[in-house]
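Here is a short briefing to read with the model open beside you. Take it topic by topic, and look up each residue as you go.

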Amino acid sequence: MSKMGKTLLAAALMGAMATAVQAEDKVLNVYNWSDYIAPDTIAKFEKQSGIKVKYDVFDSNETLEAKLLAGKSGYDIVVPSNNFLAKQIKAGVYQELDRSKLPNWKNLDEDLLKAVGDASDPGNKYAFPYMWGSIGIGYNPEKVKAALGVDKIDSWDAVFKPENIAKLKSCGVSFLDAPTEMLPAALHYLGLPSNSTKAEDLKKAEALFLSVRPSITYFHSSKYIGDLANGNICVAVGYSGDLEQSKARAHEAGDKVKLDYIIPKEGAGTFYDMVAIPKDAEHKDAAYQFMNFLLQPEVMAEITNAVRFPNGNKAATQFVDKDITSDPSIYPPAEVKKQLYAIAAPEAAAQRVITRSWTKIKSGK
């Protein structure tokens, strides 16, 4: 082959390689919570960016963490809750964000950034808040009245007092399959520190769950959304936005099932779900484009309108449906906020104890 031929061949190969790299960069792998995005968010991003999105879902922080800690998860964008984010940062899971690639960062709520920064990510170096909410009780007033004789629940007594939940057993009661969120709820109900990792405190929380375990229909972190809306269960301890989705689905189905959601008067846990880029992400430029897209006020407002969780984007509030911003179970008033507590990130040793305890609770043995 002539020298010119070799040069042309080399140029062609380099061009092919550049095209391959460019094609690879037009891909984005996202791992988010189930039922946690507007129906057309991904399609709009794909059309605007020319990037093809592979969108997978999970329904517990433990599932996400197992993939991240194993390494090479294959994901470019993940959405951990802030308490899990904190320990994953320590484990070196995420890359530090380059704010110069996120001009829409200015739309975020500074107070919320400070809150999650102080609790989980000092300086907000690794993530920004996507959605937040509370962990409370969704219920069917009609079925609850038939079982308990009252059509309003306002306390954790409904599910943590054996005599009450035993009556609700006939119509179905579910709890989140999330030990790092459910055991703090039991601790808080017992008047103990919600973030306690003392063996004696965790044993008390375990004993409380075991006392009501015979009346719990199942533990799951997403199944309850449809089951409550369909009338298959009557009470669900779950995430505020998920339970608001249950209410919306029941309404869309003709209001045959009426539902309510409450933050119990004793208080409840709060969570902040964060958007982050794993350190081993293969499509970082695409990840930044997606992050900046999410930070657009109208985009984030559309997601809140669909999933009924409040978001971390202050500039988006004006675009959120008024029936959502005026709903105290979604946007709690100041007096209710005082009763809310942040869910802490347990150390590895405590996490093992919590996991063993939860296994025992779920099995009922």
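Predicted model: local features only at pLDDT ≥ 70, side-chain atom pairs only at ≥ 80, totals over all residues.

Residues are numbered from 1 along each chain as its sequence is written, and side-chain values use heavy atoms, with hydrogens and water left out.

**Overall fold**

- The protein chain has 17 helices and 10 strands; these are DSSP runs numbered from the N terminus, with helices being H or I of at least four residues and strands E of at least two.
- Its radius of gyration is 23 Å, close to the 21 Å from the globule rule for 365 residues, so the chain is as compact as a globular protein of that length. The radius is taken over C-alpha atoms, and the rule is 2.2 Å times the number of residues to the power 0.38.
- The C-alpha trace spans about 90 × 45 × 35 Å along its principal axes.
- Of the 365 residues, 54% are buried (under 20% relative accessible area, with exposed over 50% and partly exposed in between, using a 1.4 Å probe and protein chains only).
- Among contacts (heavy atoms within 4.5 Å) with a separation of 6 or more, 72% are between residues 24 or more positions apart.
- The accessible surface is about 16,400 Å², and carbon and sulfur atoms hold 55% of that area. Areas come from the Shrake-Rupley method with a 1.4 Å probe; for residues, only the protein chains shown count as cover.

**Nonpolar core**

- The largest nonpolar core has 115 residues, and those touching the most other members are Leu28, Tyr130, Val159, Phe175, Phe209, Val235 and Ile303. Such a core is a set of buried Ala, Val, Leu, Ile, Met, Phe, Trp, Tyr and Cys residues joined through side-chain atoms within 4.5 Å.
- Strand β4 gives this core its largest share, 8 residues.

**Strand β7 and its neighbours**

- β4 (residues 127-139) runs antiparallel to β7 and is joined to it by 5 bridges, while β5 runs parallel to β7 with 2 bridges. Two strands pair if DSSP finds at least two bridges between them.
- Val235 in β7 has Tyr139 opposite it, and Val173 also stands opposite Val235.
- Beyond its neighbours within four places in sequence, Val235 is in contact with residues including Ile137, Val144, Ile153, Val159, Leu168 and Leu228.

**Disulfide**

- There is 1 disulfide in the structure, where the term means a pair of cysteine sulfur atoms within 2.5 Å.
- Cys171 and Cys234 form it, with their sulfur atoms 2.0 Å apart.
- Cys171 sits in the loop between α8 (162-168) and β5 (173-175), and Cys234 in the loop between α11 (223-230) and β7 (235-239), so the link ties together parts 63 residues apart in sequence.
- The link of Cys171 and Cys234 is right-handed, with 55° about the S-S bond, and both cysteines are buried.

**Positive phi**

- Lys72, in the loop between α3 (61-70) and β3 (77-78), has a positive phi of about 50° although it is not a glycine. Lys72 is exposed, at 77% relative accessible area.
- Arg308, in the loop between α14 (297-307) and α15 (322-325), also has a positive phi, near 65°. Arg308 is buried, at 15% relative accessible area.
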